[in-house]
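Dear colleague,

Please keep the structure open while you read them.

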Amino acid sequence: MISRTSQGLRRWASSPTTLLLFLVHSNLLISLSAASVAVTTVVLADLPLRLLPVCIVFAVTLFVYSFNRLADLDEDERNVPGRAAFTRRYGPVLFALGVACYLAVFVLAVVWDLPGAPLLVVPFVVAILYSTVGLKRLFLVKNLTVGVAWGLIPLGVGVYYDALGSTEIRFLFGFVTAVLTIAAVVFDVKDIEGDRAEGIRTVPNTFGPRATRIATAAATVVVSVVVLGFVLAGVLGRGFLVLLAFTAYVFGYCLAATPDRGPLFYGFVVDGEHVFLAALVLVLDATAW
């Protein structure tokens, strides 16, 4: 069984397109994106970059999203049949990997008495509330839940480095919460028919894709203005102007989101946004911009 699974996974990684789909469907890309939020936070807050907190974020995200994929399997059959087929075949193995990673970092955090170790139970609670209790069925609550959950990453970094009170950490909590809420609304564009069938009310299936594109793009402009205002007021350093390149990226995919866009648009372009930001931040930091 394990050998057959390994052969199947190797087959998925046999070409550039299938490799990208594998990264998307396996939740490895979204986990890397979450880890990238931690990297961006550390660099912009002028903290020393360490591997452990980044690995913790990666492991926790892999667990949460692997659990979510299995819990949402029936819904994905309608919305993203390709991902559902992948999950049916490889989901249990990837979920086991996610559980192993999550338990490993949790045990290490407790044994090493890392700051905020007990808070590692929060992602598990959020996953249960979102996927099984039914938060995702409440209008806008599902989007805000995703936004706040990702916004907790900068706060977690602040706890780890004992920098929770810094302006940079608090601002990044608000920024990440806002842009991930926007991304979550955009993601619902591809799920209009499936969400209607499941009785889940979302912005796109209530107001339509066009209104959703306009609203999310406008919200991104507001976030950009806030970033610029904080920098011009001297509250944040000029390094935070890099976030404007990120919001321009978000603005672009907001306007491009349509129900017929494939999994690489939503799973790679949208979900990979923070990988793009972290790479840009690291390059600019290395050049002492």
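The second largest cavity is lined by His25, Ser26, Asn27, Ser66, Arg69, Leu70, Phe86, Thr87, Gly91, Leu94 and Phe95; a cavity here is a set of points, on a 1 Å grid over the protein atoms alone, where a 1.4 Å probe fits but cannot get out, and lining residues have an atom within 4 Å of a point. Its volume is about 50 Å³, a volume being the space filled by probe spheres set on the grid points, which are joined across faces, edges and corners. Helix H4 (51-71) and helix H6 (81-111) each supply at least two of the lining residues, and the largest share, five residues, comes from H6; helices are DSSP runs of H or I with at least four residues, numbered from the N terminus. By class, this lining has four nonpolar, six polar and one charged residues, where Ala, Val, Leu, Ile, Met, Phe, Trp, Tyr, Cys and Pro count as nonpolar, Asp, Glu, Lys and Arg as charged, and the others, Gly among them, as polar.

Please bear in mind that this is a predicted model, in which local features need pLDDT of at least 70 and side-chain atom pairs count only at pLDDT 80 or more, while totals for chains, interfaces and linings use all residues. Residues are numbered from 1 along each chain as its sequence is written, and side-chain values use heavy atoms, with hydrogens and water left out.

The lining residues, among them Val24, His25, Arg69, Tyr266 and Asp271, divide into five nonpolar, two polar and four charged.

H14 also has buried residues, namely Phe265, Tyr266, Gly267 and Val270; buried means under 20% relative accessible area, exposed over 50%, and partly exposed in between, with a 1.4 Å probe and protein chains only. These buried residues of H14 pack against H2, helix H3 (28-44), H9, helix H13 (242-256) and helix H15 (273-286).

Leaving aside neighbours within four places in sequence, Leu243 is in contact (heavy atoms within 4.5 Å) with Leu44, Phe171, Leu172, Phe175, Val227 and Leu277.

Thr202 lies in the loop between helix H10 (192-198) and helix H11 (203-207), yet Thr202 is buried, with a relative accessible area of 1%. Beyond its neighbours within four places in sequence, Thr202 is in contact with Phe139, Lys142, Asp188 and Asp195.

On the cysteines, the structure holds zero disulfides (pairs of cysteine sulfur atoms within 2.5 Å). Cys101 is in no disulfide, and the nearest cysteine sulfur, that of Cys55, is 9.6 Å away. Cys101 is partly exposed, with a relative accessible area of 23%, whereas Cys254 counts as buried at 1% relative accessibility.

With best regards

Definitions and conventions. 1 Å grid on protein atoms, 1.4 Å probe; cavity = no way out; pocket = protein on both sides within 12 Å on 5 of 7 lines; lining within 4 Å.
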